[in-house]
Amino acid sequence: MTKISGKLATLLIPCVAIIISCSNNKTTEENSKAILDTVSLSNKNFALAYQDENKIVATSIDTMKQISFGGATNPAISPDGNKLAYTVTDSAGHRSVWVADMENKSQLQLLANSGNYYQAMWSPSGNVLAFSIFSAKNIWKIGVVKPDNTGLTVLDSASKINVFSPTWKNEQELIGHDLANLYTFDISGKLKNSQPIAALIGNDFAIASSNRFFYTSDGKGLVFNANNKTGEAVYILDLASKKVDRISPEGMNVPYIFVTADDRIFYSGAEKSSNNKIYVSDLDGNSKLLVNKGTYPTGALK
């Protein structure tokens, strides 16, 4: 993949604005706006989305075709590369998740009956989204909903357990953690499994709420990022042997990872005082630089 350089300009096209709802879901022009380039996007084969300061960018595999969204964060490209979910924060600080269809330029807010829900994750099929939601009980849970705003469910809503950073184990199961335990839920909200994180990866790692865990497609490995004294890095756990190997290079701090259903690891990392760059790696740690400046990468399927 060709690296994106500072000379490659994002398409600048007349824009339309998204008006963001407050927590009561009433639309107001006083709220922040996310700006979407309104260019025809057919046959562009978007493969990667990432954050570039105060905008998000979706790009083709060769990085020569781009579209950008101003005033949005936490991009999540759908597995087929046709849709983009993202977070918008309004002037009152409320966060909400929106979905844009990059073919027909339609845009829709996902309604979750909360003033604070963000950072969506597409299911492997692209038929459902999961996201973090601050529930009515003032604790963090996992919300799931279809991109047409049907089937909203807050998983494990009756318990008092905080659950952070949801990811998909497969089409029917999700995982999240509370800093100490890794939880597996089915899509209906039933808790299926709970494991102490230290029993899985050992006691040498510090886990933050933003750290994520992804099962490999064969279910035999667990990819995660965590702090191990020298900074955050990407690791893979062999569930059978309990062996943990480092994926990202030594000396690089990695605050964010995303793993596709075909086992490609996208991550943003910085060495020393340099800016964050975006890389992709296989499960053996063979990494490749994709973007010279960016954070929060997600990738579509090949």
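Biologist: Which backbone oxygen lies 2.6 Å from a polar atom of the side chain of Thr167?

Modeller: A polar contact is a pair of N or O atoms within 3.5 Å; within protein, one must be able to donate a hydrogen and the other to accept it, and residues adjacent in sequence count only if both atoms are side-chain atoms. Here the oxygen belongs to the backbone of Phe213, and it lies 2.6 Å from a polar atom of the Thr167 side chain. This is a predicted model, in which local features need pLDDT of at least 70 and side-chain atom pairs count only at pLDDT 80 or more, while totals for chains, interfaces and linings use all residues. Residues are numbered from 1 along each chain as its sequence is written, and side-chain values use heavy atoms, with hydrogens and water left out.

Biologist: Is Thr167 buried or exposed, and which residues does Thr167 touch?

Modeller: Buried means under 20% relative accessible area, exposed over 50%, and partly exposed in between, with a 1.4 Å probe and protein chains only. Thr167 counts as buried because its relative accessibility is 0%. Contact means heavy atoms within 4.5 Å, and, leaving aside residues up to four places away in sequence, Thr167 touches Leu174, Ile175, Arg212, Phe213 and Phe214.

Biologist: Where in the strands does Thr167 lie, and which sheet holds strand 14?

Modeller: Strands (E, at least two residues) are DSSP runs, numbered from the N terminus, and Thr167 lies in strand 14, residues 164-170.

Biologist: How should I read the second largest pocket, and which strand gives the largest share of its lining?

Modeller: On a 1 Å grid over the protein atoms alone, a pocket is an open set of points with protein on both sides within 12 Å along at least five of seven lines, and lining residues have an atom within 4 Å of a point. Grid points are joined across faces, edges and corners, and a volume is the space filled by probe spheres set on the points. The second largest pocket has a volume of about 320 Å³. Among its 21 lining residues, Pro124, Trp168, Val259, Thr260 and Ala261 are the closest to its centre. Strand 14 gives the largest share, three residues, while strand 10, strand 14, strand 18 (213-215) and strand 22 each supply at least two.

Biologist: How many residues of strand 10 are buried, and how many bridges join strand 10 to strand 11?

Modeller: Six of the six residues of strand 10 (residues 117-122) are buried. Four bridges join strand 10 to the antiparallel strand 11 (residues 129-134), with Tyr118 partnered by Ser132.

Technical notes:
Two strands pair if DSSP finds at least two bridges between them. On a 1 Å grid over the protein atoms alone, a cavity is a set of points where a 1.4 Å probe fits but cannot get out, and a pocket is an open set with protein on both sides within 12 Å along at least five of seven lines; lining residues have an atom within 4 Å of a point.
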